[in-house]
Number of protein chains: 2
Amino acid sequence: MVASTETAGIERQLAHYRDLTYDALLGQLPTREPRRYLYDLIAGQLSHAGKGLRPALCIATCRAFGGSTEQALPSAVSIELLHNAFLVHDDIEDGSLYRRNEAALYVEEGVPIALNVGDAMNVLSIGSLIENIPVLGADLSYRVFHEAQHLILQSVEGQALELGWTRDNVVDLTEDDYLRVVLKKTCWYTAIHPCRIGALIGTAGAVDADRFNLFGFLLGAAFQIQDDVLNLIGDQGRYGKEILGDIWEGKRTLMLVHALRECTADEREELRRVFSVGRDRRTERDVDWVFRLFQRHGSIDFARAALRQVVHAAQDEFDDAYRDAPGVADRDFIRRLIPYLGDREV
Amino acid sequence: MVASTETAGIERQLAHYRDLTYDALLGQLPTREPRRYLYDLIAGQLSHAGKGLRPALCIATCRAFGGSTEQALPSAVSIELLHNAFLVHDDIEDGSLYRRNEAALYVEEGVPIALNVGDAMNVLSIGSLIENIPVLGADLSYRVFHEAQHLILQSVEGQALELGWTRDNVVDLTEDDYLRVVLKKTCWYTAIHPCRIGALIGTAGAVDADRFNLFGFLLGAAFQIQDDVLNLIGDQGRYGKEILGDIWEGKRTLMLVHALRECTADEREELRRVFSVGRDRRTERDVDWVFRLFQRHGSIDFARAALRQVVHAAQDEFDDAYRDAPGVADRDFIRRLIPYLGDREV
């Protein structure tokens, strides 16, 4: 367990970068009509800010590599808006009921309006990059746009695999399959992209951005595995999403992949049956049975052990990826983020 | 009725520009994994090409103002991909069952995967503009990106209004409200944007793009009103969508706005009742009743008369907007498109 004063310090720094990002972000949202069916809903979504991990990584990496907060801010705004757009569409796709302790947007407003709100947030996220062209110049902007497109394609590719496996009830999956989807749908936009963009801006394009790929993969994987664990045994009030929601939604988590490998043929048949129907036809008894199966086969302990390994590997990779970053304070903040993300309760 | 040799000539030119666009578009689609849940579905959507009106307007306007097909092609590709992304999301939002004589994508693949496919097509459409940066240079690219963002925001704003009115069963709408939504959700991306972008590229940024706004509005309105009419009395095989689908979906069309104004208090109450429930609870009897109400109050004739006025106004505005365009053949093609679009059966 990370000491609580250490946790408080990290969360204070996260909140600082998050608040800077949200001030800029909310300041550039359109305030015109249509408010009721569009812009008020976007403002409402953004009023429940998350941890701000992605903008913090982007700004801190930019500063660690010699850049300024101001240079990174438009990209940080873009990443955070994109993240929130993802969440609006993801909740529709996954059938998730809660987000940040509120009903998911599509539950409140219906799928059509929520889908359109996500589309609007996506295009607004690009707007922030357009406005950044005069700041960064044409060459660096061209690279930033490429990076953004690559990240979004990685995300939709990962999402396509996960949604396909859930829909078609694919059960012959390995840890490698799980990590491939996590790399695409979580790591790229949660960690790899913010680090790459931050360093590109901080060094005016001089850094080889690929040096962050492995570190970002490991950091993002730690984030996702802890998310899978919290979904099973977290505190709903702190976590903000439905506990056991992943089982209700039929998500292919690390625990499920482990249990599928370890379980008996009969249990595997029962798992296949439970996940063969949609969320609305799954019962509380089914969900409890899956949870107890995870416990019986040690799948949660397995995920926690994998998480510890990933955190250690991320710490090693950090030393390499940030080896010559001159900004000591921000470099130190990112280093301390690694165990924090593997141990977070929110 | 436009003479059939004239129609054939216009359709040949449309097909020429469309085919150029689709060759370029299909050539740059990713062919990597995941195919089954993503890239094969995109290719499938794009294998049923529409008329290609939007890329044709973009390329022809660029050529009319002195530019080349090659210069306009990346923007034409971008517009056509964006259009197809819109259709995938729109069909989910509207609950439309058919598109281009096939089941809508979400009907075949489910909402989650279809929504994600639309997101992927949206980001691919931006990719074409990114690759265009070296061709157009930084300054013109900056303007093109701004234009693209503006158009997408107009579209989502129009969509937000229409979806909101449908969901909340808003019936106190006027022709002005209808035209405001048509301007935002149809005219910008069907006509105004392709003309603006084509002329900006053709003149290397020298033209005042606002000169196309009124022409594009009128051309787009003609297109939409004819679409409303075809939805009621078209030939399903040629039109490719469900006849009377707009009534099933509760769309606020020009006929509905007219009928709401002309009908008796009792009829208005009945209209409100019919549209107070979702598509799945509307009956064939309800839909027939609305169609006969439109006939009884002359709402279809009203729409056709409005269409003729809009076509005439578009012809006048064309003469102004394209007054000094040196490319005679393409200018002439666009001029002949105007009555064609107001009279089309597909």
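Is α3(A) mostly covered or mostly exposed, and how many of its residues are buried? I looked: α3(A) is mostly covered, with 11 of its 12 residues buried (buried is under 20% relative accessible area, 1.4 Å probe, protein chains only).

Notes on the source. I am working from a predicted model, where local features need pLDDT of at least 70, side-chain atom pairs count only at pLDDT 80 or more, and totals for chains, interfaces and linings use all residues. Residues are numbered from 1 along each chain as written, chains are lettered from A and ligands numbered from 1 in written order, and side-chain values use heavy atoms, without hydrogens and water.

Entry on α3(A). I found this helix at residues 53-64 of chain A (helices are DSSP runs of H or I, at least four residues, numbered from the N terminus). α3(A) reaches 16 Å from first C-alpha to last, close to the 16 Å expected at 1.5 Å a residue (1.5 Å times one less than the number of residues). Among its buried residues I listed A:Leu53, A:Arg54 and A:Cys62. The buried residues pack against α1, α4, α9, α10 and α17 of chain A (contact is heavy atoms within 4.5 Å). A:Gly66 follows α3(A), with a positive phi near 95°.

Entry on α13(A) and α16(A). I checked their axes, which come within 9 Å and cross at roughly 125° (lines fitted to C-alpha atoms over the stretch in contact, angles from 0 to 180 degrees between N-to-C directions). On α13(A), A:Leu254 and A:His258 are among the contact residues; on α16(A), they include A:Phe302 and A:Ala306.

Terms used. Helix = DSSP H or I, 4+ residues; strand = E, 2+ residues; numbered from the N terminus. Buried < 20%, exposed > 50% of the residue type's maximum accessible area, 1.4 Å probe, protein only.
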